[in-house]
Amino acid sequence: MLTIALAKGRLQEKTFERLKKAGVHADLGALGSRRLSVEDTSGKYSFLLVKPGDVPIYVEHGVADVGICGRDVILESQPDVHEPLDLGFGACRLVVAGKQDAINQGHNLLSRLKVATKYPQVATRYFHERGTPVEIIPLTGSVEIAPLLGLSDCIVDIVETGRTLVENGLVVFDTIAPVTARVIVNRASFQLQRKGLLILLAALEPSAEH
Amino acid sequence: MNSPTLLSKIPPGVTYVLGEEVIARRAVERTVFEVLHGWSYAEILLPAFDYHEIFAQGLGTRYADTTFCFTDSEGGLLALRPDLTALVARTVATRFGGQPRPIRLCYTGEVFRNLQTPGRAPRESWQIGAELIGNDRLEADAEMLFVAIESMQRLGAGAFQITLGHAGFFQNTVTALNLNSAETQTLFEILDSRNQQRLLAWLQDRTNPQQAESWTRLFQLAGGAEVLEAARNLGLEADFSAAIDDLEHVWEIARVLQLDHFLELDLGEVSNLDYYTGMTFKIYAAGVGASVGSGGRYDRLLRNFGADEPAVGFQFNLERMICLLRQQKNSPSTALAPTILEADSDNLLAAFQNAQQLRNQGKQVEIKTMRHSLAPH
């Protein structure tokens with residue numbers, strides 16, 4: 001049996017949809033509320049629903065064989081896993097954004113930029129690659145209000161439509177990476193359960209016919 | 001220094017090992033060394049630190065950048081060993097000049113990695129391994145593989161699988177496409193992600209569609225001996241055929257020895273390829289989540305130390321091995337059950353004499369006296 005960790009929240013409904021399309025019959029709706037894990041009717045898969053950032057951890061440690069999560073959390077935690085499939089849905093971007101005047105400060109190489117983010121590793125790498133000294137302010141939510149309150153000069157966050165940013169008077173300075181939902185696979189599971197995995201991956205492909 | 005928090009604080013990634021875990025670890029070392037000695041591997045004791053340059057030369061900056069460094073009295077840069085193979089290779093290259101080849105050495109000990117993100121991989125991990133130096137033939141590759149299999153069997157590790165790969169497939173692709181180091185890194189990452197569509201698209205941008213298609217198929221091939229036949233039918237260049245030949249010969253020897261059921265080919269396996277140059281293998285077992293051991297041919301390493309000699313080796317990760325054996329309920333009997341001799345001041349002398357006799361009979365004895373038994377904190 002393959003244990004599959006799914007991400008709560010943003011990708012949850014679309015992930016359930018894709019699994020259904022792939023021919024998985026399971027009471028996924030029961031996850032998170034009533035049940036810790038559910039199995040599909042064929043007994044081939046067992047599903048867990050966990051916080052998005054925990055999906056790569058479950059998979060790297062082999063507690064789950066497979067994970068479905070956004071590329072944003074993969075970039076943040078850089079797990080030692082395979083990433084064989086781009087599911088295509090849940091598209092958004094990891095961006096640097098801030099108030100219009102903050103961009104000038106970014107060009108001043110001597111000033112230290114304050115960056116509020118849920119993605120401290122991604123933000124650190126991005127600014128280090130550009131030689132910009134930064135102070136990372138790690139937050140767990142409502143990142144877009146940090147510049148308004150004067151907590152930070154800019155933010156690193158994911159945006160889907162950009163509406164929240166506009167409403168808060170923020171503009172996008174740069175796109176760090178495009179984000180979609182991905183399938184990740186534990187390295188040992190890839191070797192030990194190859195057959196079952198390849199069947200699952202083929203069924204999950206965006207272009208797969210059902 | 002006397003603050004209680006500092007006394008109880010342990011640096012992240014550092015472990016103190018005690019109790020059953022020690023017994024299990026020593027038992028694994030003993031069993032693996034028994035197998036290795038049976039194959040005529042002599043143990044070498046290696047220093048805990050050496051010049052940083054040794055590791056930088058041997059392993060490249062990838063490992064050398066993650067070492068704990070300090071200086072000697074002359075200002076020379078020293079490093080805690082991040083790897084044991086480099087030390088063995090250097091020793092053979094510089095001190096085994098006149099000796100007949102091949103040289104078989106084995107070792108055990110901890111390696112230290114100064115990783116930037118604590119909590120990921122441990123900073124300190126234990127390895128046990130062997131190196132066969134000075135033989136470029138396939139019998140050396142096969143020997144290393146069989147030593148690993150025999151160790152797994154003798155340890156009672158249960159069901160396991162050894163994934164065989166070959167560094168030649170990746171290296172020949174890099175050479176054929178004349179990739180620079182950034183492109184080589186990208187190809188490595190795409191292969192390691194196992195994303196077929198990305199691989200095909202990336203190759204199509206760099207070569208003709210037919211070539212891109214057959215390389216993509218090549219890197220997807222995995223399974224039993226039929227994989228090699230399928231690889232041949234792709235009609236690749238001679239360099240690729242040489243890698244296929246290597247794997248075929250090793251597989252054939254394993255088949256005759258009835259060990260091929262442990263093996264699985266995976267031509268898309270690319271991890272550690274900055275190190276290995278020929279056949280590679282990784283040992284997997286259910287429930288561990290990562291390989292419990294790995295090995296392969298590394299014909300370039302000794303060149304870094306001034307001796308152009310072929311070599312092949314393997315190592316087990318002891319922590320993961322013990323994790324596996326524990327799941328198999330196969331960790332050696334752990335309970336310490338000494339004979340207890342109760343004594344007080346009157347019969348203490350008799351107790352010591354009695355204990356001596358029992359120990360001479362090979363028994364384990366614990367002398368318990370009322371006055372020496374203090375209550376725990």
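These legends describe close-up views of a predicted model.

**View 1. Chain B as a whole.**
Chain B holds 14 helices and 14 strands. Its C-alpha atoms fill a box of roughly 95 × 55 × 45 Å along the principal axes. Of its 377 residues, 49% count as buried. Among contacts in chain B between residues at least 6 apart in sequence, 68% join residues at least 24 apart.

**View 2. The nine-stranded open sheet of chain B.**
The strand order is E1-E5-E6-E12-E11-E10-E7-E9-E8, and the pairing is mixed. Strand E1 (42-43) and strand E8 (222-223) of chain B form the edges, each pairing on one side only. Helix H5 (residues 85-95) of chain B packs on this sheet. H5 touches strand E5 (103-112), strand E6 (124-133) and E12 of chain B. The direction of H5 makes about 140° with that of E5(B). Strand E11 (residues 293-297) of chain B runs antiparallel to E12(B), joined to it by five bridges. Within this pair, B:Arg297 has B:Val312 of E12(B) as its bridge partner.

B:Gln315 lies in strand E12 (residues 311-317) of chain B. Is B:Gln315 buried or exposed? The relative accessibility is 14%, so B:Gln315 counts as buried; the cut-off is under 20%. Its side chain makes a polar contact with the side chain of B:Tyr107, at 3.5 Å. Leaving aside residues up to four places away in sequence, B:Gln315 touches B:Thr85, B:Tyr107, B:Gln127, B:Ile128, B:Gly129, B:Glu131, B:Tyr276, B:Val292, B:Gly293 and B:Ser294.

**View 3. Helices H2 and H13 of chain B.**
Two packed helices are described by the angle between their axes and the distance between the axes. For helix H2 (residues 20-38) and helix H13 (residues 318-327) of chain B, the axes come within 10 Å and cross at roughly 105°. H2(B) is therefore roughly perpendicular to H13(B). From H2(B), the contact uses B:Glu21, B:Ala24, B:Arg25, B:Val28 and B:Glu29. H13(B) contributes B:Leu318, B:Glu319, B:Met321, B:Ile322, B:Leu325 and B:Arg326. By class, the contact has six nonpolar and five charged residues, with no polar ones.

**View 4. Helix H7 of chain B.**
Helix H7 spans residues 167-177 of chain B. Eight of its 11 residues are buried, so the helix is largely enclosed by the rest of the structure. The buried residues are B:Ala167, B:Gly168, B:Phe169, B:Phe170, B:Asn172, B:Thr173, B:Val174 and B:Leu177. B:Asn178 follows H7(B) and has a positive phi, near 55°.

**View 5. Strand E11 of chain A.**
Why is strand E11 (residues 181-185) of chain A largely enclosed by the rest of the structure? Five of its five residues are buried, so the strand is described that way. A:Ala181, A:Val183 and A:Val185 point one way from E11(A); A:Arg182 and A:Ile184 point the other way. All are buried. Strand E4 (residues 66-70) of chain A pairs with E11(A) in the antiparallel sense over five bridges. There, A:Val66 stands opposite A:Val185. Strand E5 (residues 82-86) of chain A also runs antiparallel to E11(A), with three bridges. A:Asp86 stands opposite A:Arg182 in E11(A).

Terms used
Residues numbered from 1 in each chain as written. Chains lettered and ligands numbered in written order. Predicted model: local features only at pLDDT ≥ 70, side-chain atom pairs only at ≥ 80, totals over all residues. Heavy atoms only, no water. Helix = DSSP H or I, 4+ residues; strand = E, 2+ residues; numbered from the N terminus. Buried < 20%, exposed > 50% of the residue type's maximum accessible area, 1.4 Å probe, protein only. Polar contact = N/O pair within 3.5 Å; in protein donor to acceptor, adjacent residues only side chain to side chain. Contact = heavy atoms within 4.5 Å. Pairing = 2+ DSSP bridges. Axes fitted to C-alpha atoms, helices over the stretch in contact; angles between N-to-C directions. Parallel < 35°, antiparallel > 145°, perpendicular 65-115°, else oblique. Nonpolar A, V, L, I, M, F, W, Y, C, P; charged D, E, K, R; others polar.
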